[in-house]
Amino acid sequence: EKNGTSGDAKQRICGVGTVAKLSVLVWFEVGALFAIFALAALQNGFLEELDVSIDKIGLITSVYFVAAVVSLFFGGIAMNHYGAANTAVLANVFVTVGATLQWLSVTFGLSLVWLVAVARFVIGWGAEILFVMTLEVYIKMFPDNCGTMVG
């Protein structure tokens, strides 16, 4: 019972099922973070090669945050109805679709700013829900360690 962790909690942490669930959640989170920050990597290409103004980059960034704020309300409803783990999977589907749309919008010489904006909205919708659902799953898996989940 060192550091406030019971033997039961230690056994839960070391189980194969727990490691598998955590691995999937970490994979989702890393993918979502990559999709979120991909626009920063693409910004110079947008500005130079695709002739997109800095104002449009600001619009594309803003669309992400609007979706992020609005989606949390619906994510909470989905969590109550379908559960946190299932909602996290659904949110990851949104992130994947958004990342694919973002890739399509800049591939093959397409200069589709509207498609990038739609992609960023879809990524924002899924990524923020995913972050909250991941924390909810962690709290259910490790109730003794709630205070250390986010640092």
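Phe74 is partly exposed, at 43% relative accessibility. This residue belongs to a predicted model. The ring of Phe74 is stacked with that of Trp125, because the planes stand at 25° and planes under 30 degrees apart count as stacked. The centres of these two rings lie 5.6 Å apart.

**Aromatic pairs**
- The structure holds 4 aromatic pairs.
- One of them joins Phe73 and Phe74 edge-to-face, with 5.2 Å centre to centre and 80° between the planes.
- Ring pairs link Phe73, Phe74, Phe121 and Trp125 into a cluster.

**Where the stacked pair sits**
- Phe74 lies in helix α3 (residues 54-82).
- Trp125 lies in helix α5 (residues 113-141).
- The pair therefore ties together parts that are 51 residues apart in sequence.

**Exposure of the ring residues**
- Phe73 is exposed, with a relative accessible area of 57%.
- Trp125 has a relative accessible area of 17%, so this residue counts as buried, the cut-off being under 20%.

**Fold of the chain**
- The protein chain has 5 helices and 0 strands.
- Its elements run α-α-α-α-α from the N terminus on.
- Among contacts with a separation of 6 or more, 74% come from residues 24 or more positions apart.

**Surface and burial**
- Of the 151 residues in the protein chain, 36% are buried.
- The chain exposes about 9000 Å².

Methods. Residues numbered from 1 in each chain as written. Predicted model: local features only at pLDDT ≥ 70, side-chain atom pairs only at ≥ 80, totals over all residues. Heavy atoms only, no water. Helix = DSSP H or I, 4+ residues; strand = E, 2+ residues; numbered from the N terminus. Buried < 20%, exposed > 50% of the residue type's maximum accessible area, 1.4 Å probe, protein only. Contact = heavy atoms within 4.5 Å. Areas by Shrake-Rupley, 256 points an atom, 1.4 Å probe, with all protein chains shown as cover. Phe/Tyr/Trp six-rings, centres within 6.5 Å; stacked < 30°, edge-to-face > 60°.
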